[in-house]
Amino acid sequence: MKYFVVFFFLVLSAASFAQATIPSQKVTGYIYNDNTKTPLTGVNIININKVRGAVTDSKGYFEIDVHPTDTLHFSFLGFQSLRVKVTNDWIKNKVAKIFLTEKAIALEEVIIRPFNLTGYLEVDSKTIPINQNYRYNISGLNSGYEAGEYSPGAFGKVLGSIFNPADMLYNFFGKKTTELKKLREMKKDDTVRNLLESKFDRETLAVLLGIDKKEIPEILQRCNYSESFIQTANDLQIMDAISGCYEQYKILKKK
């Protein structure tokens, strides 16, 4: 029995090593509007497993590195997102045609209220609403981020989650370690970074983290980010906020 267990682990280790050393392969495809059959330009493609991205060109063409059974996530404004698993047939044939379906969106009424400007800077500047949130900049990005340390109680909330197994942060950070490690990988891929910087719907982040996007505001609230930040930040800023809270959680947990 002892030899069988040793043999089993050797076989399992060999299989895992072989899978890890399989070189990635490139698949290509064309993405079309399912209704008009015309190519879609600027469709975002992300390999969920490898956290690598691509964007379609003017002909709807894209190419991306994959391994067998990887899942690709396709998203485009105004169209329903789509997930496609990479098959051996796709890798063998290299090219695939993918069709996205338009969303049926009901537009809500928008009321525009103009500012009554006088033409005098000193007077008009006082009528412009100012966001009072404290923010800081991260090198390489033009947008500002809300600093957790300026939010009173942020440290206590993260610390409290470690000692409270029922806490939402404890459950999220404890069960999503693999997905949270992807946050670092996301920052390394320029295509993914550019995609997240231009999105505000939390959909891509939710897919990569394996959660419902409705959970994201709750996570940020537990990390003590303001409602204003949660509503106005782009997906890249949200990713950085969750990543920062997770790093703080890991440090506190070690202590």
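Predicted model: local features only at pLDDT ≥ 70, side-chain atom pairs only at ≥ 80, totals over all residues.
Is Y246 buried or exposed in this structure? Y246 is buried, with a relative accessible area of 6%.

The average pLDDT of the protein chain is 77, and 67% of the residues score at least 70. Which elements of the chain mark the two ends of the confidence scale? Strand β4, residues 61-66, has the highest mean pLDDT, at 95. Helix α1, residues 2-21, has the lowest, at 48.

Four strands make up an open sheet in the order β3-β2-β5-β6, and their pairing is antiparallel. At the edges stand β3, residues 52-55, and β6, residues 82-85, each of which pairs on one side only. From one strand to the next, the twist averages 20 degrees. Helix α7, residues 190-197, packs on this sheet, where the helix touches β2 (44-47) and β3. The direction of α7 makes about 70 degrees with that of β3. As for the pairing between β5 and β6, how many bridges join these strands? Strand β5, residues 71-75, is joined to β6 by four bridges, and the two run antiparallel. Within this pairing, T71 stands opposite K85 in β6.

I come now to the aromatic residues. The count comes to nine aromatic pairs. One of them is formed by Y30 and Y32, which are stacked, at 6.5 Å centre to centre and with 25 degrees between the planes. Y30 is partly exposed, with a relative accessible area of 27%, whereas Y32 is buried, at 16%. A second pair brings us back to the residue with which I opened. The ring centres of F173 and Y246 are 5.4 Å apart and the planes lie at 50 degrees, so this pair is tilted. Where do the two partners lie in the chain? F173 belongs to helix α5, residues 168-175, and Y246 to helix α11, residues 235-254; the pair therefore ties together parts that are 73 residues apart in sequence. F173 is buried, with a relative accessible area of 1%, and Y246, as stated, is buried at 6%. There is also one aromatic cluster formed by Y30, Y32, Y61 and F99.

How many disulfides does the structure hold? The structure holds one disulfide. The bond joins C223 to C245, with an S to S distance of 2.0 Å. The torsion about this S-S bond is about -90 degrees, and the disulfide is therefore left-handed.

Thank you for your attention.

Definitions and conventions: Residues numbered from 1 in each chain as written. Heavy atoms only, no water. Pairing = 2+ DSSP bridges. Axes fitted to C-alpha atoms, helices over the stretch in contact; angles between N-to-C directions. Contact = heavy atoms within 4.5 Å. Phe/Tyr/Trp six-rings, centres within 6.5 Å; stacked < 30°, edge-to-face > 60°. Buried < 20%, exposed > 50% of the residue type's maximum accessible area, 1.4 Å probe, protein only. pLDDT = per-residue confidence, 0-100. Disulfide = S-S within 2.5 Å.
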